[in-house]
Amino acid sequence: MISRLAAVGAWGIDNLRDIGKAGILFYRVLISPPNIRKGFPLVMQQIYVEGVLSLLIIVVSSLFIGMVLALQGYHTLAKFGASQELGPLVALSVARELGPVVTAILFAGRAGSAVTAEIALMKATEQLSSMEMMAVDPLRRVISPRFWGGFISMPLLTMIFNATAIYGAYLVGVKWLGLDAGVFWSNMQSSVEFQADIINGIWKSVVFGMAVTLIAVVQGYSAEPTSAGIATATTRSVVYSSLAVLGLDFVLTAMMIGSW
Amino acid sequence: MLSQRFIESLVGLFLIFALIALSVLAFKVSGLTSLFPSASYDVTANFDEIGGLKVRAPVKIGGVQIGEVSKIMLDPVTFKAVVTLHIEKQYNDIPDDSSVTILTAGLLGDNYVAVTPMYSKTALKSGSQILYTNSAMVLEKLIGQLIYKIGNGSGDKSSDKHQGSE
């Protein structure tokens, strides 16, 4: 009985310690941004790897999400004779919710897992400790650029996601289902507000970007240096970041709903 | 590994692409125009009842939008709603004895403010108050009045019944 209790306690302490480690790592990443001259190219490379290379999956999936949303929305709205409200429906749901959340989840799968696997493998093959041997701070050289790269890429990807999804909805709604283009855009413009809808959506994506890249980096950095450890860390990175994104989304929406 | 220069130009392209997407979102999707606000002036009007009027609701003359509602406040003394109308500068010769009405677009649509111009020679200017106002029609009140009238028409019977049941 006592040993069971002790096991629960140990489990709790372990988890708290992990969270504490993550917090310390986050703090150290924040206070040691890669220095301007040497670190800038490293951050650039990471924006390329995490952002530019994720562009394909983001653009394709957003186009199809927009198209499917328009198709589904049209058939439901047409029942109430409100099919001219398709533009607001798609634009609001994409800008407020789908854009930031789906981008973050795709980003966690595409870039977050890669970052985790890369850092974990560096750790397993002792590249990180050999960097320390050479008096190169692995935090500055490896962790920090990956964090900042993901953090910068995420809002940019969300903007592209939003625009492409709305274009996909335009293709289906106007070009295929034959809504009037003027009505589509003007109804959209009259109900979407730049500050309350689009900027708040981008704020969400900033928070998600921070959460996803932080989880990816922490999981990689604290992975067990074995091949099984790398596998677990990669899985955890994707699972934890998806859960964190959905949870944070609820909290952020509850905070922002006042301004709608 | 690609050369640093190539990577940097790709990242630059990515950035430009994202900014284009943002400006599309701003101007095409949300119809942002207040980045360069057009010259305008404010007039106020006091209403007994504004119904569901909201800030940014359109102000129209004859169905043409000339401005928007910029602020809604309650007068703490008279308990009237003070609505500030933000009218574009190009419409600067609206007579100052015009009346304003709160109307509803369609049966269940949003409220807007309609200005009906009159014949005064002096025009509205910044800070002036519109005196002739018509309150919003509240559907519940109308239905209430209708029921009241129907009730009066057959009033005796229903009151008899009421008393009978007691």
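# Worked exercises on a two-chain model

Helix H6(A) is mostly covered, with 31 of its 39 residues buried. The model is predicted. Each exercise below is followed by its solution.

**Exercise 1. Describe helix H6(A): its span, its bend and its burial.**

Step 1. Take the span. H6(A) covers residues 138-176, which is 39 residues. From first C-alpha to last, H6(A) reaches 53 Å. At 1.5 Å a residue, 57 Å is expected, and the span is close to that.

Step 2. Look for a bend. H6(A) bends by about 35° at Ser144(A). A proline, Pro145(A), follows within four residues.

Step 3. Check the burial. Residues count as buried if 20 or more other C-beta atoms lie within 10 Å of their own. By that cut-off, 31 of the 39 residues of H6(A) are buried.

**Exercise 2. Characterise the fold of chain A from its elements, box and contacts.**

Step 1. Count elements. Chain A has nine helices and zero strands. From the N terminus on, the run is α-α-α-α-α-α-α-α-α.

Step 2. Get the dimensions. Along the principal axes, the C-alpha atoms of chain A fill a box of roughly 65 × 55 × 35 Å.

Step 3. Read the burial. Of the 260 residues in chain A, 43% are buried.

Step 4. Read the contact range. Take the contacts in chain A with a separation of 6 or more: residues 24 or more positions apart account for 87% of them.

**Exercise 3. Work out the strand order in chain B and find the edges of the sheet.**

Step 1. List the elements. Chain B holds three helices and eight strands. Their run from the N terminus is α-β-β-β-β-β-β-β-β-α-α.

Step 2. Order the strands. The eight-strand sheet is open, with mixed pairing, and reads E7-E1-E4-E3-E2-E6-E5-E8 in chain B.

Step 3. Find the edges. E7 (129-130) and E8 of chain B each have a single partner strand, so one side of each is left without a neighbour in the sheet.

Step 4. Buried residues are 20% of the 166 in chain B. Among contacts in chain B between residues at least 6 apart, 62% join residues at least 24 apart.

**Exercise 4. Which residues stand opposite Val100(B) in E6(B) and in E8(B)?**

Step 1. Start with E6(B). Strands E5 (residues 99-104) and E6 (residues 111-116) of chain B pair in the antiparallel sense over six bridges. Val115(B) of E6(B) stands opposite Val100(B).

Step 2. Turn to E8(B). E5(B) and E8 (residues 132-134) of chain B run parallel, joined by three bridges. Here the bridge partner of Val100(B) is Thr133(B).

Step 3. Check another pair. Thr101(B) stands opposite Asn134(B) in E8(B).

Terms used. Residues numbered from 1 in each chain as written. Chains lettered and ligands numbered in written order. Predicted model: local features only at pLDDT ≥ 70, side-chain atom pairs only at ≥ 80, totals over all residues. Pairing = 2+ DSSP bridges. Helix = DSSP H or I, 4+ residues; strand = E, 2+ residues; numbered from the N terminus. Expected span 1.5 Å × (residues − 1). Bend = angle between axes of the 7 residues up to and from the residue. Buried ≥ 20, exposed ≤ 12 C-beta atoms within 10 Å, placed from the backbone. Contact = placed C-beta atoms within 7 Å.
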